[in-house]
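Here is a friendly briefing to read alongside the model. Please keep the viewer open as you go through the points below.

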Amino acid sequence: MPFYDHEAILKATDGGLDIILFLCPDAKNCIGNNKHFKLRDENTPSTSLKQMPDGNWVATDWGASGKAGDANKMNAILLWQHIKGVDYKTALEQIALKWGIMPEEQLKEARKPDFNKRAATPEEKEGAYDFKLYKLEDIPKGWIDVLGPFANLENMAKYHWHGVKEYSLVKNRSVFTWASKENYPIFIIQEKGFKKIYQPLAYEKKDRFRYAVEEGGKKTDFLHGLTQAQAWYNEANPWMADGYSQTEENANEDREEQKIPALFICSGDRDALNVAGLGIKGVGQWVVWKNSESAKISTKDYKAMKKIAEQVYNIPDLDNTGVNEGLKLALFYLEIHTVELPEELKEKKDWRGNPRKDVTDFCEVYRDKAPSMFKSLLRVSYPLKFWDSYINARQKMQYEVRDTYLLNFLARCGFFFYKMEGVKDDFIYIKVEDNIVKPVTAVEVKRFVTHFLKEKREDVRLRDYFLKAPRLNPSGLTDLHEKELDFKYYNKEGRLFFFKNGIYKVTAQGIEKQKPGTVKQYVWEENLIQHKLDVDPQYFKVKHSVDENGKLQIEDIEIKNNECEFFKYLIQTSRIHWKKELEDELEGKPKKERLEYLEKHRFSIDGPNLSDEEIHEQKLHLVNKMYVIGYMLHRYKDMSRPWVPIAMDNRISDSGKSFGGSGKSILFNVGLKSLCKSEFIGAKKQKLFDNDFLFGNVTKYTDFVLFDDTNEFFDFEQLYPYSTGDFNVNPKNGKPFVIKFSESPKLAMTTNFALRNITPSSRRRALFLVFSDYYHEAGEGGYREDRSPRSEFGHNMLDEHTSPEEFNRFYNFMLQCLQMYLQMPGKLNPPMSQVELRNLRSRMGDTFFYWAEVYFSREGDNLNKELVKKQVMDDYKEEAGGKFVLTPQTFKDKLEAYCMYSDLIYNPDPTDPATNRYIRKIDGKTTEMIVIGTENFTAETTAENESDSESKIDFHEISKNF
């Protein structure tokens, strides 16, 4: 016997509630109250129903032994055991089989009929079907349950349903026989000229239906149930039937026409039986349904329905196909009322794990509440004809707008009122189509209505009426249905991307296209990616680990496919040692050898001219950039990851000078911008944050804000509040508002300068990425030639000359970067040597750096000796011109930065290790000294200093002076 997971069974059956209600239908009246139901033949019901804290339902039999303390508590599986009289394993198997809760291969085997094949006899005609049927009353009870809670034998007989024991088909001189089973029902629906064979539990959707068509029969576009409804109408109104002849006997009979109160167009066979069985007085008795999903309601059939019914209702499914087809039908036949099932139904799942979508699902989910809920749905089921017409007292055609119907028409066509912060009136009008939203004006809404009437070829007087109708004025449209939309297409686990050909979800596990109708989130039309995506195999594989300190370590990257131009661009900008590899190491080599190397390793991160250490460093830079791409694409804001990517050049220049041209902005302004809504802020201006409207264009729909090309004095600390807190926005033409942290955009910056005053808080927030100077302009900086992405690829990145195939590679690469990021457990900075050197140069400034290079030159005599600190400061002030205030602490910071930059040691072996100071008595005066030492410096003290009676120093006094 196969193994079945009891937890999976309870989870798939709403905590076991579906099982309990199947076994004890009366228990439905005990949900959420203290009522009891009967579990046995007893005068007073004694079993209660309760949902436990873990979400599972328990039936408590208080009358099991007659003693209050001996109550028998049973979950759904134990209750099945109790009622069915089977052991635990058998109960699991039976439940799993009925609800389809088992491994896929076992389920496939269970969800098919018994099959047999034999040779045909001469008497058996080729193509002939033979059916062995149950009598109506002998159809197994469990089979009817499969059809839905409101299916019954009466309606099955009414609509020509039959239970099938087995059926056979003669084909190619063999007889194929399919037999039903206790847990695998087969039905037929008998119509004139054909039989529809229905296997509701077939594993494959294609196996659920097939047709046995008699010679001369026809099943195309057949409308089940219409014949039965017409027969009732003709019986109730015999004088309306074809061929009726008037006689003396019937000439004076009452001929008041009787119509079916409501005729329902259902989406499927089970839906029809359940609507027919809902039992609402005057409603639900008469149903029709199409023979297939692709069939259409013909004009002939619609006229036939209108003739016999007071009202025709359509009940479309809730999936995309159902909604769209329902809308098409309603727009074609404007007087059909559309029943809209509750959206919350889609939150429930069927046994296949798919969202519930149809009226049978509605009946199964709401059960005893379904009739009253369905009746309520009918009260708000409207046609899309939004006007009335009548002949007025002057015998002229008069039109009148039906406001409720018009607003319903606009809502069904996707037009809504939407509240939005930061706009003039705090709301806009929108049009929603599937998951795509676009803002529209009141004029566009009105034009849609008038154009619709024109397309329907309605009377010109009606069209003139709506051209002047006040309801279509801007003030009248504020009554449009309000729509709440979820634009938060990201969470901790991943993010959704909206392409022209579908919605894709990226998680650490992979990239997966979502089924239509299963995504609740929306996207603004301007952010819809205007390309199709075909998911490719992985372009790369990054091997990583975590060291004993919990720090992320990148071991290697294996590049499997680097055809993507954007991937190549990132490789080139990560070639920190390109000059050594492509110029120095090839210097003096034969031209042919040089050209062969350059061609073979044109886009290589691991060229053989480099050492293993250099290759690993370049790979780290590459993975770091891919990590930043993933971080920005994720969009999810995490307080523990308040990072601001800072893109800078690898080449170190004077602190006030920049080269640029390394391709930093391409990553953000071209690459990420193609997938994200971004706000660009040019950051060269001084006092940038004095602008009250700096973030005036930012909304909660902005994915990131880029501070591009920041100036030398950009204050990184100004970004702290925005990286870890709510986002205050002051739009020029709207009211100020606050974007909460979880919806606020991420921040990033590009710069040609080092950050000033790096603090621990800055380091915690900064996520550096370093760009090599592989791309550069000839001339300044000693470069031999111009090199840019355009010169390498023949066009600008992702411009109009980019092929669809290249766009597909680009999107695959970017989404794979996000997948990689989601797999990483921590922060990933690049190799920090050059970043730290830039920061050190920034700390000391160019004037100090060039002075120190001479003052502490290894050829001079100021290294490895004690110098009076004040004298050294005075020497520097004299060199610098003395036009500024220099405190001892500032001077010390600059000295320490210079020592770290130049591999020197500040104050080796200090006399006071606690404060890292040298203190001496010179001419009887306490004096602070400094020593700038080389790596192998050893401090020496003189005998005089050791024996001097004044050598005891008051460090407290020193601290006050410095």
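Helix H15 (residues 442-455) and helix H16 (residues 460-467) have axes that come within 10 Å and cross at roughly 175 degrees; axes are lines fitted to C-alpha atoms, for helices over the stretch in contact, with angles from 0 to 180 degrees between N-to-C directions. H15 and H16 are therefore roughly antiparallel to each other, a label for angles over 145 degrees. This is a predicted model, in which local features need pLDDT of at least 70 and side-chain atom pairs count only at pLDDT 80 or more, while totals for chains, interfaces and linings use all residues. Residues are numbered from 1 along each chain as its sequence is written, and side-chain values use heavy atoms, with hydrogens and water left out.

**The H15 and H16 pair**
- H15 contributes Lys446, Thr450, Leu453 and Lys454 to the contact (heavy atoms within 4.5 Å), and H16 contributes Leu462, Arg463, Phe466 and Leu467.
- By class, this contact has four nonpolar, one polar and three charged residues.
- Helices here are DSSP runs (H or I, at least four residues), and strands are E runs of at least two, numbered from the N terminus.

**Helix H12**
- At the start of H12, a side-chain oxygen of aspartate 358 comes to within 3.2 Å of the backbone nitrogen of threonine 360.
- Arginine 367 follows H12 and has a positive phi, near 45 degrees.

- Not counting residues up to four places away in sequence, leucine 675 touches residues including Arg495, Phe497, Asp703 and Phe810.

**Serine 744**
- Serine 744 sits in the loop between strand E32 (737-739) and strand E33 (746-751).
- Serine 744 is buried, with a relative accessible area of 0%.
- Leaving aside neighbours within four places in sequence, serine 744 is in contact with Arg635, Lys637, Gly725, Phe727 and Ile739.

Note on methods
Buried < 20%, exposed > 50% of the residue type's maximum accessible area, 1.4 Å probe, protein only. Parallel < 35°, antiparallel > 145°, perpendicular 65-115°, else oblique. Nonpolar A, V, L, I, M, F, W, Y, C, P; charged D, E, K, R; others polar. Polar contact = N/O pair within 3.5 Å; in protein donor to acceptor, adjacent residues only side chain to side chain.
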